[in-house]
Amino acid sequence: MISRDKIRNFSIVAHIDHGKSTLADRLIQVTGGLTEREMSAQVLDNMDIERERGITIKAQTVRLDYTAEDGETYILNLMDTPGHVDFTYEVSRCLNACEGSLLVVDASQGVEAQTLANVYQAIDADHEIVPVLNKIDLPAAEPDRVKEQIEDVIGIDASDAVEMSAKTGMGVPDVLEAIVQRLPPPSEGDADKPLKASLVDAYYDPYMGVVVIVRIMDGVMKKKQKVKMIETDATYELDRVGYFRAGRLEDADALYPGEVGFLTASIKEVADCAVGDTITDDKKPCEGVLPGFKEVQPVVFCGLFPVDAAAFDDLRNAMGKLRLNDASFSFEMESSAALGFGFRCGFLGLLHLEIIQERLSREFDLDLIATAPSVVYEMEMRDGSMLELHNPADMPDVMQIMEIREPWISSTIMTPDEYLGGILKLCQERRGLQTDLSYVGTRAMVKYELPLNEVVFDFYDRLKSISKGYASFDYTVKEHRAEDLVKMSILVNEEPVDALSMLVHRSRAEGRGRAMCERLKDLIPRHQFKIPIQAAIGGKVIARETIAAMRKDVTAKCYGGDASRKRKLLDKQKAGKKRMRQFGKVEIPQEAFVAALKMDGDG
Amino acid sequence: MLEFEPHRGFGVYIHWPYCAKICPYCDFNVYAAKQRDVAPLLSAIEKDLTTWREKTGPRQVDTIFLGGGTPSLIPPKEVKYLIDVIASMWGLAPDVEISLEANPDDRSAFVGLAKAGINRLSLGVQSLNNDALKFLGRNHNAEEALRAIEEARSAFPSLSLDFIYALPRQNLIEWKQELSGIIDLKADHLSLYELTIEQRTAFGKAVGRGEWQPADDDTAADLYEITQEMMCEAGYPAYEISNHAISSQHHAQHNLVYWNSGDWLGIGPGAHGRVTIDGNRYETVAERRPEKYISVVEDTALGLASQNILTIEDVANERVMMGLRKTSGISKSDFEVLVGRKFNQETLSEFIDDGLLEETDNNLQLTPAGRLLADYVSSRLVL
Ligand SMILES: Nc1nc2c(ncn2[C@@H]2O[C@H](COP(=O)(O)OP(=O)(O)OP(=O)(O)O)[C@@H](O)[C@H]2O)c(=O)[nH]1
Ligand code: SF4
Ligand SMILES: [Mg+2]
């Protein structure tokens with residue numbers, strides 16, 4: 001058993017791309033967790049999608065043995081967290097299992113929106129924080145200015161911030177020393193008390209089944225022990241316990257107070273584990289339970305339909321498998337007049353949506369149509385009941401609705417001053433309410449309350465383009481507020497297309513309707529007849545466009561050598577037709593369902 | 001099981017891949033003529049023909065087409081030799097059509113070619129307007145073209161002229177004027193093509209670079225419609241999307257083999273063929289590069305780069321895609337019997353209701369409006 005004061009559990013938190021994972025990789029390398037040869041580009045970001053996109057999606061844990069300058073060997077348990085706002089909940093879980101955090105700030109960029117969001121979470125979790133200025137190798141690095149910023153904006157002392165480069169390895173030894181000297185060991189923890197452990201997270205491994213990440217508070221967790229998960233009231237006999245090493249699991253006989261490790265116990269799916277649950281001994285339960293975590297709720301919904309209706313069962317299986325590993329995404333069956341059978345799926349945000357979609361098509365080879373993302377509306381009905389609406393197509397008769405409420409968020413945007421004007425305009429257009437505006441040097445920090453609905457689709461893209469990529473954005477969902485919302489339907493050739501209907505604020509309906517009609521005009525190919533496209537509220541048309549009839553589609557010359565060309569063209573059309581959906585006489589390309597919603601500047 | 005059906009016709013296409021100058025719009029398999037020895041290619045063609053004769057067994061040749069490229073660059077005595085080779089191998093139909101493509105600047109060869117046995121000349125005039133001829137990168141001017149037409153008319157029993165319209169910025173009035181000039185030439189057959197910009201050509205690249213823009217679809221459609229109108233009035237009704245004749249005797253029999261899904265041999269560099277042998281219909285493609293073609297023939301006695309067996313579905317689709325181009329249309333059963341199912345009735349009646357297609361008994365044909373959407377209609381019918 002390792003003495004508690006030789007243990008350091010810490011999270012690495014930062015804004016997206018500030019270098020958390022690269023630093024983590026370096027720490028692993030320097031402490032000998034992996035040889036140079038074993039170090040692939042990114043050890044921790046091991047999913048294909050993570051490597052391709054260069055982002056962390058899933059938090060990762062690694063245990064390192066470090067012999068410090070004082071000659072003592074310490075157990076370091078690092079937790080690399082994702083920086084993207086969709087995965088903030090992952091950060092909060094990690095924080096709960098640690099006593100300290102490394103706050104990584106890109107010395108060339110400075111404090112960004114998620115730097116703030118994440119560090120505040122760490123402060124809330126009572127963490128000791130060591131600021132680390134990364135990317136000091138970059139010519140644009142301004143460590144002194146960034147230190148000042150950290151002190152001004154976050155209000156923590158940055159005079160001892162470690163300057164380092166995860167790329168060159170410079171300063172990494174200083175980081176290790178700072179971890180040992182400045183971060184606290186786990187407090188309390190009594191090995192003689194009954195087992196009390198926190199269920200930090202769980203993931204699915206195709207060979208071992210569900211692997212649970214645990215943090216031991218009191219007592220000892222042993223192989224073969226019968227444990228009980230208090231919230232789910234399930235008991236399991238532990239198969240294995242041990243530690244996370246770089247790229248592998250290391251078995252141990254037992255885990256002791258203050259340690260972070262894993263257990264396996266023939267648990268079938270990740271959803272069987274309530275993250276934040278308290279694990280105790282089945283026969284000798286602990287007193288009280290740990291506070292637990294706030295449950296994550298999907299905030300963005302969209303319909304996913306197989307392009308080929310016959311692939312519905314494959315889609316169902318694929319979703320089940322993905323869910324084994326990701327309990328934060330939800331799905332239930334849905335049927336659409338336009339798109340047939342599919343699923344209504346809930347996600348933590350748009351990146352999460354994109355990733356799940358990409359995994360479905362990549363790992364399961366499924367061709368999917370996605371409908372426009374939507375938020376969850378609350379409807380208070382005249383009969384006093386409350387309804388949650390995940391899909392605008394299901395909107396009840398307006399006469400029976402008393403009030404419609406939509407989710408609002410609190411957001412923080414940080415931007416160089418020159419882009420502020422454009423950003424304020426964007427927020428204003430999206431019905432935002434400004435709550436704060438302050439400056440940190442030449443960077444503005446502005447806070448807005450915004451309806452999630454206005455942010456869900458392309459807000460982030462617009463923000464990036466307005467600020468040439470320099471603005472950062474973070475948000476938390478706040479509450480539902482009653483608003484004057486109406487259902488806008490889109491009619492193509494006089495027929496309503498359910499998959500294109502949406503709830504909009506009345507003041508924005510006409511603009512959105514016009515933008516949608518214009519986009520659809522470009523997205524739907526010409527047919528042999530002209531096609532009216534209309535946006536309507538109730539029976540009233542608020543915007544209209546017409547796709548002119550196709551006049552010409554004929555090859556001028558067609559002789560012996562052209563027969564094969566024609567056939568190849570036909571094959572291509574056949575493939576293309578699969579990607580089309582038929583609405584009455586009109587074929588709509590499936591890309592149109594999402595692309596129709598992208599708005600231009602005036603959106 | 002597919003059988004060769006003699007009523008669809010059997011033709012021999014020979015590709016001559018050399019031209020005096022490569023036109024900027026042309027995407028055929030062509031190479032600059034220079035001072036080349038034509039003998040190796042001619043003997044490769046002969047050998048290729050010989051092997052094909054073994055494969056097809058005895059059949060009568062209905063049409064021979066010397067295309068290219070510029071086959072008028074082949075010395076007439078060699079042309080005669082090739083015709084004789086084909087005649088001696090398969091035998092020629094009594095009313096055999098033997099066509100050759102020529103450019104106005106080769107008019108000195110006309111008499112010799114006619115003597116060699118060519119009975120139909122297809123002359124690439126392209127325009128009667130000197131500016132247009134220049135734009136199209138042609139080697140001749142309008143005056144030379146007129147002289148060539150005169151000489152060709154007296155040399156060959158059947159004369160066809162090619163023209164290109166829908167040039168950038170060409171307007172209705174200009175084209176109408178030019179077209180009445182074309183009608184006045186009193187050719188037996190006229191092929192009137194809308195300028196098509198092919199990606200890999202000089203025009204394709206110029207358009208890609210944004211140097212100029214091709215006519216838009218609406219203008220091109222207007223031009224097509226006016227063409228149909230004027231040609232009908234002048235007694236040259238279309239019998240295919242882009243082809244018109246003064247009488248059915250002058251219809252291009254060889255091209256009808258394509259449109260009727262007959263069999264044809266594709267001989268010479270890059271030529272495509274369709275041949276039905278032993279119950280299968282083959283799509284054949286010859287080696288594109290002349291040197292490669294010659295060496296492949298030397299090694300294998302055939303010039304093939306590839307050949308595949310077409311599926312029944314492919315064969316039926318080709319019958320529709322190619323056949324609907326003819327004004328006379330297709331017989332429905334030609335498709336339906338082959339694939340063992342009917343045309344989608346809903347699609348069919350939609351096109352009929354929209355005035356794009358006509359159905360009479362067992363026959364389907366495009367209306368004049370439908371002809372402008374021929375690819376759209378035919379692909380939807382078979383998909
Ligand atoms: N020049 C330089 N580049 C660095 C340094 N550290 C990281 N990077 C680069 O910065 C980019 C982001 O690094 P990551 O380690 O993936 O960042 P992250 O904070 O883990 O990102 P998320 O997990 O997506 O939030 C990568 O391209 C790294 O190669 C550094 O010290 N210097
Ligand atoms: S002469 Fe005919 S085949 Fe030769 S390049 Fe010109 S258009 Fe093409
Ligand atoms: Mg990362």
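**Close-up views of a predicted model**

**View 1. The loop that holds A:K224 in the predicted model.** A:K224 lies in the loop between β9 (221-222) and β10 (226-229) of chain A, and the model shown here is predicted. Although A:K224 is not a glycine, its phi is positive, at about 70 degrees. A:K224 is exposed, with 10 other C-beta atoms within 10 Å; a residue counts as exposed if 12 or fewer such atoms lie within that distance.

**View 2. The loop that holds A:D365.** A:D365 is located in the loop between α8 (350-363) and β20 (368-370) of chain A. This residue, not a glycine, has a positive phi of about 60 degrees. A:D365 counts as exposed because it has 10 C-beta neighbours inside 10 Å.

**View 3. A cis peptide bond in chain B.** The peptide bond that runs from B:G68 to B:G69 is cis, and its omega is near 20 degrees. B:G69 belongs to the loop between β4 (61-68) and α2 (76-90) of chain B.

**View 4. The shell around ligand 1.** Ligand 1 is surrounded by 21 residues, and the closest are A:G19, A:S21, A:I55, A:T56 and A:G83. Helix α1 (residues 20-30) of chain A provides the largest share of this shell, three residues. By class, the shell consists of six nonpolar, ten polar and five charged residues.

**View 5. The side of chain B that touches chain A.** In this interface, 35 residues of chain B are in contact with 23 residues of chain A. Elements of chain B that give two or more residues to this side include β8 (189-194), α8 (217-233) and α15 (374-382). The residues on this side of chain B comprise 16 nonpolar, seven polar and twelve charged.

Methods. Residues are numbered from 1 along each chain as its sequence is written. Chains are lettered from A and ligands numbered from 1 in the order in which they are written. This is a predicted model: local features need pLDDT of at least 70, side-chain atom pairs count only at pLDDT 80 or more; totals for chains, interfaces and linings use all residues. Two residues are in contact if their C-beta atoms, placed from the backbone, lie within 7 Å. Helices (H or I, at least four residues) and strands (E, at least two) are DSSP runs, numbered from the N terminus. Ala, Val, Leu, Ile, Met, Phe, Trp, Tyr, Cys and Pro count as nonpolar, Asp, Glu, Lys and Arg as charged, and the others, Gly among them, as polar. A residue is near a molecule or strand if its C-beta atom, placed from the backbone, lies within 6 Å of it. A residue is buried if 20 or more other C-beta atoms lie within 10 Å of its own, exposed if 12 or fewer, and partly exposed in between; C-beta atoms are placed from the backbone.
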